[in-house]
Amino acid sequence: MSTTTTTATTTSSSTPQPKRPRPTVGRVLAWVAMILIMAVTLLPFYWVLRTALSSNAGLASDPTSILPVDTNLRGFARVFGLQGSEEAIADGGSGASIHFWTYLRNSVVVATLVTAGQVFFSAMAAYSFARLRWRGRNTVFGIFLASLMVPSIFTLLPNFVLVKQLGLIDSLLGVALPTMLMTPFAVFFLRQFFMNIPRELEEAALLDGASKIRVFFQLILPMAKAPITTLAILTYISAWNDYFWPLLVSYTDSSRVLTVAVAVFKSQSPQTGPDWSGLMAATLVAALPMLLLFMAAAKRIVNSIGFTGIK
């Protein structure tokens with residue numbers, strides 16, 4: 001028994017352990033460059049947080065301080081409408097009422113409408129380009145894909161005229177409509193995945209008597225769960241961060257989204273100077289949900305983009 005134990009101990013101790021790679025000049029320089037890039041990338045976010053946690057009077061007295069000056073949460077209180085007018089004016093705010101929860105609701109509604117509509121219709125268009133055989137399919141797809149090279153600003157005026165004629169100006173549906181149907185990127189993204197699905201699976205389902213519609217909804221969509229989820233996340237973030245189009249078509253609080261509300265918040269600053277603390281608090285509140293969503297789904301997004309063949 002002791003001989004066996006000794007032999008096992010000797011064998012395990014003689015097993016070569018994996019050696020850690022020795023630090024080289026190139027590896028050290030790569031890590032230094034990566035740390036510098038991360039620092040430059042994260043510095044603006046830290047500066048927003050530092051300003052939001054400071055008071056306007058403290059910022060004026062010590063604008064170069066790295067740490068928050070006169071740390072407080074009064075900027076967030078102004079954003080959420082928890083400060084009275086006199087107190088807000090004393091802290092450097094405008095004292096105007098801010099309908100934060102209305103803006104938040106509008107952003108959620110618009111981003112949800114855009115995401116649901118765009119993912120659904122883009123999936124159907126992508127399946128048509130990837131699997132259905134019809135005359136001129138490749139030509140139409142090439143023309144459709146070429147629209148990726150058209151700057152979005154060129155489509156603002158036609159979209160505005162269309163939305164105005166439909167009577168949807170200053171409405172949530174008018175804000176969501178131009179990107180609610182489909183986009184070239186979404187169609188291309190899903191088409192790449194659909195083309196990788198073996199045709200034998202669809203042929204077997206068709207032989208069993210399933211229709212093309214049933215194959216799409218019961219076979220293709222469940223298999224495309226990962227890229228569809230990724231596309232939904234990217235679309236939701238893009239719709240949430242959109243600014244110029246909502247600014248163009250929303251005129252009242254009933255249709256304003258958070259990104260536009262931040263600009264309105266800035267325009268309400270008193271003549272003594274911008275309410276930097278409240279403005280940065282509003283910016284942080286508007287951006288934080290999407291930052292957290294992207295951080296949580298970053299790995300899934302990278303994996304899905306690599307799997308669909310986009311290099």
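The lining of the largest cavity draws at least two residues from each of helix 6, helix 15 (258-267) and helix 16 (276-307), where helices are DSSP runs of H or I with at least four residues, numbered from the N terminus. This is a predicted model, in which local features need pLDDT of at least 70 and side-chain atom pairs count only at pLDDT 80 or more, while totals for chains, interfaces and linings use all residues. Residues are numbered from 1 along each chain as its sequence is written, and side-chain values use heavy atoms, with hydrogens and water left out.

**Cavities**

- The structure holds 2 cavities of 30 Å³ or more, a cavity being a set of points, on a 1 Å grid over the protein atoms alone, where a 1.4 Å probe fits but cannot get out, with lining residues having an atom within 4 Å of a point.
- The largest cavity contains about 120 Å³ of space, a volume being the space filled by probe spheres set on grid points that are joined across faces, edges and corners.
- Of the 13 residues lining the largest cavity, Ile98, Tyr103, Ala261, Val262 and Ala282 are the closest to its centre, and helix 15 provides the largest share of the lining, 5 residues.
- By class, the lining of the largest cavity has 12 nonpolar residues, 1 polar and no charged, where Ala, Val, Leu, Ile, Met, Phe, Trp, Tyr, Cys and Pro count as nonpolar, Asp, Glu, Lys and Arg as charged, and the others, Gly among them, as polar.
- The second largest cavity, of about 30 Å³, is lined by Ser107, Val110, Ala111, Ala239, Trp240 and Val257, and helix 6 gives the most to this lining, with 3 residues.

**Pockets**

- About 1000 Å³ of space lies in the largest pocket, a pocket being an open set of points with protein on both sides within 12 Å along at least five of seven lines.
- The largest pocket has 33 lining residues, with Ser152, Thr155, Pro178, Thr179 and Thr183 nearest its centre, and these 33 divide into 23 nonpolar, 9 polar and 1 charged.
- Helix 13 gives the most to the lining of the largest pocket, with 5 residues.
- The second largest pocket has a volume of about 230 Å³, and its lining consists of 9 nonpolar residues, with no polar and no charged ones; helix 16 supplies the largest share, 6 residues.

**Aromatic rings**

- The structure holds 14 aromatic pairs, counted where rings of Phe, Tyr and Trp (its six-membered ring) have centres within 6.5 Å, with planes under 30 degrees apart called stacked, over 60 edge-to-face and the rest tilted.
- The pair of Tyr127 and Phe194 is edge-to-face, because the ring centres are 6.2 Å apart and the planes stand at 80°.
- Tyr127 lies in helix 6 (residues 100-130) and Phe194 in helix 10 (residues 184-196), so this pair ties together parts that are 67 residues apart in sequence.
- Both Tyr127 and Phe194 are buried, meaning under 20% relative accessible area, with exposed over 50% and partly exposed in between (1.4 Å probe, protein chains only).
- Phe185 and Phe189 form a tilted pair, 5.8 Å centre to centre with 35° between the planes; Phe185 is partly exposed at 36% relative accessible area, whereas Phe189 is buried at 0%.
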